[in-house]
Amino acid sequence: MARLSGVAWGLLIVAVDLRFDDLDVVPDPLGWLFALAALTSLAGRHRAFGLASSAAFVGLVVSVPLWFGGQDALELVHLVAELVVVFSVCTAVMAVCPAHRASADRLRWWTLGVTAAGAITVVLAREDDALAPLALVVVLAGLVVFVLVVLLLFRAAREPAPGRDLSGV
């Protein structure tokens with residue numbers, strides 16, 4: 001399952017934002033390309049990799065204009081694409097890497113919950129400054145969960161590929 005490391009590296013590139021004059025010097029489109037290439041090659045192993053591949057394509061498309069800054073409406077699409085990729089990849093890992101089933105299951109639900117809570121608290125904190133500390137805590141929790149997902153993918157990448165097609169599992 002070595003290709004999972006390509007997904008992990010792609011997600012890391014997408015997550016890192018080093019901006020100078022509104023230009024991200026670590027281009028998200030490059031990260032999405034890494035993830036998309038890896039996910040496309042894994043699509044035959046489980047149907048959730050195919051869904052993740054489609055979401056990575058959407059992430060790639062919207063990341064190009066976002067790379068240059070602005071377009072708040074596209075940020076939501078970008079966030080949803082990233083969420084679908086992580087949730088789907090964790091779902092596929094549960095099937096193709098049985099040793100990581102429990103971790104992948106917990107992390108996919110933690111990702112969903114923390115992403116939803118983060119989006120809500122950030123929006124509410126924009127209206128009420130008193131909620132800013134709560135938003136910060138939720139965002140930091142999301143960062144921890146993201147790091148755990150990336151570590152899971154690197155660990156699962158060391159597993160041998162299953163010998164049969166598990167797309168129906």
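Helices α2 and α3 are roughly antiparallel to each other, because their axes cross at roughly 165 degrees and angles over 145 degrees count as roughly antiparallel, those under 35 as roughly parallel, 65 to 115 as roughly perpendicular and the rest as oblique. Their axes, which are lines fitted to C-alpha atoms over the stretch in contact with angles from 0 to 180 degrees between N-to-C directions, come within 8 Å. The model is predicted, with local features requiring pLDDT of at least 70 and side-chain atom pairs counted only at pLDDT 80 or more, whereas totals for chains, interfaces and linings use all residues. Residues are numbered from 1 along each chain as its sequence is written, and side-chain values use heavy atoms, without hydrogens and water. Helices are DSSP runs (H or I, at least four residues) numbered from the N terminus.

The crossing of α2 with α3 is left-handed (the near helix is turned anticlockwise from the far one by less than a right angle). In contact (heavy atoms within 4.5 Å) are D28, P29, W32, L33, L36, L39, T40 and L42 of α2 with F49, A52, S53, A55, A56, F57, G59, L60, S63, V64 and W67 of α3. These residues comprise 14 nonpolar, 4 polar and 1 charged, where Ala, Val, Leu, Ile, Met, Phe, Trp, Tyr, Cys and Pro count as nonpolar, Asp, Glu, Lys and Arg as charged, and the others, Gly among them, as polar.

Helix α4 (residues 72–96) approaches α2 (residues 28–42) with axes within 13 Å, crossing at roughly 30 degrees; the two helices are therefore roughly parallel. This crossing is also left-handed. D28, W32 and L39 of α2 contact H78, A81, E82, V85 and V89 of α4, giving 5 nonpolar, 1 polar and 2 charged residues.

The axes of α1 and α4 come within 12 Å and cross at roughly 155 degrees, which means that α1 is roughly antiparallel to α4. The crossing is left-handed. L4, V7, L11 and V14 of α1 meet H78, E82, V85, V86, V89 and V93 of α4, a contact of 8 nonpolar, 1 polar and 1 charged residues.

The lining (residues with an atom within 4 Å of a point) has 31 residues, with E75, H78, L79, E82 and T115 nearest the centre. Helices α1, α3, α4, α5 and α6 each give two or more residues to this lining, which divides into 18 nonpolar, 5 polar and 8 charged residues.

Note on methods: On a 1 Å grid over the protein atoms alone, a cavity is a set of points where a 1.4 Å probe fits but cannot get out, and a pocket is an open set with protein on both sides within 12 Å along at least five of seven lines; lining residues have an atom within 4 Å of a point.
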